[in-house]
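Thanks for letting me look through this one.

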Amino acid sequence: LLVGGWGSVCDAAFDQQDAEVVCRELDCGAPVQVLGEDAFGKGDGQIGSKEIQCRGNETQIRRCPSSTSHINCTHDNDVGLICSGYTDLRLVDGPDVCSGRVERQYFSKWGTVCDACWDMRAASVLCRQLNCGIAVSVVGSDWFGEGSGEIWADVFDCDGNETKLSECSVSSWSRAECSHGRDVGVVCSESEAHLRNCSSPQTLNCSSTQ
């Protein structure tokens with residue numbers, strides 16, 4: 001929104017910090033990708049002529065400072081933005097906050113995560129984001145029970161050293177057949193229950209499937 005009405009933003013005036021503020025202000029989670037005008041077409045209103053200089057922690061884009069110099073842009077330079085839509089994460093129905101069934105909030109709806117879309121790297125990022133250390137195990141619904149409501153099936157392609165899941169790229173929506181019988185759970189290293197259950201080393205006979 002510009003003075004006098006709606007207008008588009010020039011890609012030269014928009015960076016990752018600005019994107020974080022816009023997604024947060026719209027309650028749309030974190031930015032996934034900043035795109036050019038070819039993604040969503042050209043606007044037909046005004047074009048912002050000053051560079052937005054957000055720090056990234058502002059609650060609204062209008063609270064961000066802007067440069068004093070003007071930039072020359074046309075609608076060929078209109079910027080587009082994709083936000084994740086995910087606004088929160090939690091582990092539920094476990095013995096503590098660091099182990100349980102994975103649930104994600106998409107806009108205002110909470111839902112579970114399909115086990116076909118989750119691996120130890122994504123789990124370790126989740127544990128780190130929740131201040132719960134690293135992932136010890138990724139488990140099925142037989143550990144923490146089945147959830148209810150929505151099932152989120154997008155795949156997070158994490159390296160494993162990111163500090164939060166929003167830093168991982170979303171590779172695609174999974175085509176796996178998902179049900180609440182496939183709800184995934186995670187046990188993090190800081191889980192008190194996990195530490196209490198530790199015992200002296202034992203010799204176990206395990207197959208590769210186990």
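1. A disulfide is taken here as a pair of cysteine sulfur atoms within 2.5 Å. Please keep in mind that this is a predicted model.

2. Start with C98 and C132, which form a disulfide with their sulfur atoms 2.0 Å apart. The torsion about the S-S bond is -75°, and the link is left-handed. C98 sits in the loop between β7 (86-96) and β8 (99-106), while C132 sits in the loop between α3 (120-129) and β10 (135-139), so this bond ties together parts that are 34 residues apart in sequence. Both cysteines, C98 and C132, are buried.

3. Next, C127 and C188 are joined by a disulfide, again with 2.0 Å between the sulfur atoms. A torsion of about -85° about the S-S bond makes this disulfide left-handed. Distant parts of the chain are linked here: C127 belongs to helix α3 and C188 to strand β14 (residues 185-188), 61 residues apart. C127 has 0% relative accessibility and counts as buried; C188 is buried as well, with a relative accessible area of 0%.

4. Buried here means under 20% relative accessible area, so C28, at 14% relative accessibility, counts as buried.

5. A disulfide also joins C54 to C64, with an S to S distance of 2.0 Å. Its torsion about the S-S bond is about 100°, so this disulfide is right-handed. Both C54 and C64 lie in the loop between β4 and β5 (66-70), so the pair ties together parts that are ten residues apart in sequence. C54 and C64 are both buried.

6. Helix α1 (residues 16-25) deserves a look too. Its buried residues include D18, A19, V21, V22 and C23. Which strands do the buried residues of α1 pack against? They pack against β2 (31-35), β4 (50-52) and β6 (80-83).

7. Finally, both ends of α1 have a detail to inspect. At the start of α1, a side-chain oxygen of D15 comes to within 3.2 Å of the backbone nitrogen of Q17. Just after α1, D27 adopts a positive phi of about 60°.

Definitions and conventions: Residues are numbered from 1 along each chain as its sequence is written. This is a predicted model: local features need pLDDT of at least 70, side-chain atom pairs count only at pLDDT 80 or more; totals for chains, interfaces and linings use all residues. Side-chain values use heavy atoms; hydrogens and water are left out. Buried means under 20% relative accessible area, exposed over 50%, partly exposed in between (1.4 Å probe, protein chains only). Helices (H or I, at least four residues) and strands (E, at least two) are DSSP runs, numbered from the N terminus. Contact means heavy atoms within 4.5 Å. A polar contact is a pair of N or O atoms within 3.5 Å; within protein, one must be able to donate a hydrogen and the other to accept it, and residues adjacent in sequence count only if both atoms are side-chain atoms.
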